[in-house]
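Please consult the sequence and the structure shown here while reading.

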Amino acid sequence: MTIHYDAEQKIFHLQGKNTSYVMQVICGGYLTHLYWGKKIHTYRKSNPIAFIDRGFSPNPDPSDRTFSLDTIPHEYPAYGNGDFRAPAYQIQLKNGSTVTDLRYQTHHVYKGKPNLIGLPSTYVEEKQEAETVEIVLIDELIELKVTLIYTIFRDLDVVTRSVRIDNHGKENLKIMRALSASVDFRDDEFELLSLYGSHMNERNISRRPITPGVHVMESRRGASSPQQDPFLALIRKGTDEDHGEVFAFNFVYSGNFLTQVELDQYRNTRVSMGINPFDFSWLLEPKESFQTPEVVMVYSANGLGEMSRTFNELYRTRLCRGRFRDHVRPILINNWEATFFDFDADKIEQIAKEGKKLGMELFVLDDGWFGHRDDDKSSLGDWVVDKRKLPYGLEDLVNRVRNMDMEFGLWFEPEMVSEDSDLYRKHPDWCLHVPNRPRTVGRNQLILDLSRKEVCDYIVEALTKILASASISYVKWDMNRHMTEIGSAALPPERQRETAHRYILGLYRVMDELTLKFPNILFESCSSGGGRFDPGMLYYMPQTWASDNTDAACRLKIQYGTSLVYPISSIGSHISDVPNNQIGRVTPLDMRGHVAMSGNLGYELDLTKLSPGEKEMIKQQVAFYKEIRPLIQFGNFYRILSPFEGNETSWIFVSEDRSETIVGYFRILCQPAASIRILKLKGLDPDSLYKHLETGEVYGGDELMNVGITLPGIKGDFISLFWRLKKV
Ligand code: DGJ
């Protein structure tokens, strides 16, 4: 890993583990993009930028009609002086103009990786793990400084990018657009891969051709959202799990984002990613700085599987933080689908007691324990125990559970307020709203204005009080609606469009303070399931409730799609009752178990109502998961059969040292006259022998990967298998 600068040619060569990223300063200071892909020794300009006189492409130098900003590949393109493609930034001056002209001034290479103040980002533990270059671009006329920050990692094919904008001039600047990354590929031989969905149907995979024009994935909802994920990949045609080049981008941010691909008239492809400029602007006064969030860029020469394993490892080890980063996650029992709002301390104690008997380790008390919340119409914001339900208080209940030798966890939805709450009655201006307009509710609730310091302080204080009042070791942090009337009573008119981003900065500050104050608490984020499953949240909370949809068949797709980017240790997955509460389907406990065991296992049903047979089976599931969870949560993940392509799904988990593997196989419906299914495993040691623990048979690693292993012919719908193989 090195970052090399050729001063004569003005070429930057960022050389990662197997990747090269090359840029050059040309023609009076424009920073251009030359190459990103498989590692090369030296860039000797085998494909220099072509200078051609193109129609409708304007020329900064009248004597050279072959030079136009419209036809060169940029690193941080502007709009207004020749490039008509999507700009990376746009800044308005006091005189109303939005034309700027950034030229290379200097750069600085150093070991390690900087933290982004107030924002989540990937990190290193030792300086030797990464190298960074900061490239400074200047607009001399207005003394605007834009610093492009690039980091490469020693052990992973990752480039991270972010941008800092400094106003060194004397007049106010208005940032109208400040993306974090823009990459110009000088070809169009790609397909576009992205993740999309909805509540209860998160992270479906979309793969499509790129056609001339612009393809946009974005959020205007105030959250990263289940509708579109802040992820996209350009993949070479024919790319599959194990073959083909992949150029992937993921945004470390939890709010409104823009990610887009533009194919221009000369078949160049521009990828842009950053805070959504829609309804955004930021007033930058003299001497002030604006830092954009980070984009993580992953290159894989070997298909989507390698891309995912790179993201997974980076996020598991160098994005997630805290005690639980490297710690196995407890098996939990959550009362939501068992009781909804209708419970009391005795009911909770009974469920926890059953859970303990079955080997579960953590009881989670979900929504409804505070204020007078008997449905979703009241009390958000009033984080005071409801004595009607818990007459002896929270501490008493926590102690009752802890005395069974179980941990205790609690649900909050800290960013919200109900109109029927003491908090709202006292501070009606503390929610997002605009003057003289109705306040649109979602799930009967309004959103607290986290762009305001006093509101953030209130949340920290209120949660601290509860978390310090009893021995609580887990928090489920929910967020159940998207933003409307995005305005803040505390900001002047010219800063109203900063509200959504300031909200996210406030949220990050609140989560930072609470997670630092309570380092032994495991925080799990949730947004009606996986509605805010993004790397920004993972920086503070190492796991996310992947979906409110717990149906095993639906979950196959949700978890498969999620695994494209996010590590298995970040995926919360529960076994719930049948018929399934969300879609009414009945699947066997076996399959529900195998699907939920493919993430962080939990249960969400009334254990007191189970039959002795079901209890016995759950006891076995829990014991089995305890044996395999280090491998599931910290092993390498390989996808074999996709639920998006057929009736069957298969994935496997392989330990870091390749000594052990777990093979998961799932079939939705039985097919008549079906062919024999042979699974070709991946990631094993080809020179070792593996024992199939269920059958006792021994096979070679090469045999399992190349010849494959035959599955037994089993009749029936909703079939699943979870096999273990160990090196002998
Ligand atoms: C939405 C979550 O996704 C559910 O798991 C549950 O916690 C409810 N909110 C509670 O209101």
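Which residue in S30 is the bridge partner of leucine 332? The partner is glycine 602. The model is a predicted one, and the points below are grouped by topic.

**Strand S30 and its burial**

- Strand S30 comprises residues 600-604 and is mostly covered, with five of its five residues buried.
- Cover is found on both faces of S30: Asn600, Gly602 and Glu604 are buried on one side, and Leu601 and Tyr603 are buried on the other.

**Strand pairing around S30**

- Strand S21, formed by residues 332-334, runs parallel to S30 and is joined to it by two bridges.
- Strand S29, formed by residues 571-576, is likewise parallel to S30, and five bridges join the two.
- Isoleucine 575 has tyrosine 603 of S30 as its bridge partner; Tyr603 is also among the buried residues of the strand.
- Helix H10 (residues 589-596) belongs, together with S29 and S30, to a right-handed β-α-β unit.

- Glutamine 633 is located in helix H11, which spans residues 612-634.
- Glutamine 633 counts as buried because its relative accessibility is 1%, against a cut-off of under 20%.
- A polar contact of 3.3 Å links the side chain of glutamine 633 to that of asparagine 600, a residue that is itself buried in S30.
- The side chain of glutamine 633 also makes a polar contact, at 2.9 Å, with the side chain of tyrosine 625.

**The ligand site**

- The ligand has 13 residues around it, of which Asp366, Asp367, Lys476, Asp478 and Asp548 come nearest.
- By class, the shell contains six charged, four nonpolar and three polar residues.
- Aspartate 366 places a polar side-chain atom 2.7 Å from an oxygen atom of the ligand.
- For tryptophan 411, a polar side-chain atom is found 3.1 Å from a ligand oxygen atom.
- On its own the ligand has 290 Å² of accessible area, and the protein covers 97% of it.

Definitions and conventions
Residues are numbered from 1 along each chain as its sequence is written. This is a predicted model: local features need pLDDT of at least 70, side-chain atom pairs count only at pLDDT 80 or more; totals for chains, interfaces and linings use all residues. Side-chain values use heavy atoms; hydrogens and water are left out. Buried means under 20% relative accessible area, exposed over 50%, partly exposed in between (1.4 Å probe, protein chains only). Helices (H or I, at least four residues) and strands (E, at least two) are DSSP runs, numbered from the N terminus. Two strands pair if DSSP finds at least two bridges between them. A crossover is right-handed if, with the strands pointing away from the viewer, the path from the first strand over the helix to the second runs clockwise. A residue is near a molecule or strand if one of its heavy atoms lies within 4 Å of it. A polar contact is a pair of N or O atoms within 3.5 Å; within protein, one must be able to donate a hydrogen and the other to accept it, and residues adjacent in sequence count only if both atoms are side-chain atoms. Accessible areas come from the Shrake-Rupley method with a 1.4 Å probe; for residues, only the protein chains shown count as cover. Ala, Val, Leu, Ile, Met, Phe, Trp, Tyr, Cys and Pro count as nonpolar, Asp, Glu, Lys and Arg as charged, and the others, Gly among them, as polar.
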